[in-house]
Amino acid sequence: MQCNQCSKPAIWLVTGNEIPLCLDCYSKWQHLQQAEIENHERMMNYNLDQIAATVGMRPTGPRFPERPKPVIFSGVKMNHINVTNSVVGTINTGSIGVVDQSISALVQVGDNSLGEALKELSQAVLGSKDLSINQKNEVLESLSVIATEAITPKENRKNSVATVLIERASKVTGLANDIADVCQKWWPLLLAAFALAGG
Ligand SMILES: [Zn+2]
């Protein structure tokens, strides 16, 4: 079943009308629900104070406690790539999460050079001051697809897709002088991995 709000698959039915929502949209819906409940709580506290003030007594009895400060999700837990707080919220942590998990998978099968290439390139892109947020997200998204292909068995890899993405992403990072060294070292290695496998 498809989400009522976007194209993702639905996993929850909400309201009496059983509207299907995906994880992201359900999260937004929950957020709004909570905000509404919080407003009701504040209103009830206010009414209690109002009543106490009207009868000229100190407010007594139970009140809704202050709500704790919202927890800020810092995205997926990373094992290899270091994501600083300054970039969380502007960059696509989903893409980085995919790359990070792929590195774990590559390390497990002993393919350290591919894992290192993915790690070094992701880290460089995240830290670059010459790339815009959009450029970073574009390269990270490409890296997430390339990483997914890298952990696919060689005979099943979409080598031409990976090659096109690597060439495109390396053009984007070519605009960033501050990460030129890393890019010159690791993009060719990634490219070779897919070119050879296709041979
Ligand atoms: Zn949705």
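You're looking at a predicted model, where local features need pLDDT of at least 70, side-chain atom pairs count only at pLDDT 80 or more, and totals for chains, interfaces and linings use all residues. Residues are numbered from 1 along each chain as its sequence is written. Helices (H or I, at least four residues) and strands (E, at least two) are DSSP runs, numbered from the N terminus.

**Helix H1**

- H1 takes in residues 23-55, and its end C-alpha atoms sit 48 Å apart, which agrees with the 48 Å its 33 residues should span at 1.5 Å a residue. The expected span is 1.5 Å times one less than the number of residues in the helix.
- H1 is hardly covered, with a count of one buried residue among its 33. Buried here means that 20 or more other C-beta atoms lie within 10 Å of a residue's own; exposed means 12 or fewer, partly exposed is in between, and C-beta atoms are placed from the backbone.

**The largest nonpolar core**

- This core has 33 residues, and the members touching the most others are Val-99, Leu-118, Val-125, Leu-143, Ile-146, Ala-147 and Ala-150. Helices H2 (93-108), H3 (112-127), H4 (133-150), H5 (159-173) and H6 (180-198) each supply at least two residues of this core. H3 gives the largest share, seven residues.
- A nonpolar core is a set of buried Ala, Val, Leu, Ile, Met, Phe, Trp, Tyr and Cys residues joined through C-beta atoms within 7 Å.
- Leaving out residues up to four places away in sequence, Ala-150 touches Ser-102, Leu-106, Leu-114, Leu-118 and Ala-193. Two residues are in contact if their C-beta atoms, placed from the backbone, lie within 7 Å.

**Helix H4**

- With 18 residues, H4 reaches 25 Å from first C-alpha to last, close to the 26 Å expected at 1.5 Å a residue.
- Buried residues in H4 include Leu-140, Leu-143, Ile-146, Ala-147 and Ala-150, along with Lys-136 and Glu-149.

**How H2 packs**

- H2 and H3 pack at about 155°, their axes 8 Å apart. That makes H2 roughly antiparallel to H3. Among the residues making this contact are Val-99 and Leu-106 of H2, and Leu-114 and Leu-118 of H3.
- H2 and H4 pack at about 30°, also with axes 8 Å apart. That makes H2 roughly parallel to H4. The contact includes Val-99 and Ser-102 of H2, plus Leu-143 and Ala-147 of H4.
- Axes are lines fitted to C-alpha atoms, for helices over the stretch in contact, and angles run from 0 to 180 degrees between N-to-C directions. Under 35 degrees counts as roughly parallel, over 145 as roughly antiparallel, 65 to 115 as roughly perpendicular, and the rest as oblique.

- Thr-15 isn't a glycine, yet its phi is positive at about 60°. Look for Thr-15 in the loop between strand E1 (12-14) and strand E2 (19-21). Thr-15 counts as exposed because it has 9 C-beta neighbours inside 10 Å.
- Glu-18 is not a glycine either, and has a positive phi of about 55°. Glu-18 lies in the loop between E1 and E2.
- Gly-94, in helix H2, is exposed, with 12 other C-beta atoms within 10 Å. Gly-94 and Ser-144 are 50 residues apart in sequence but 8.7 Å apart in space, C-alpha to C-alpha.
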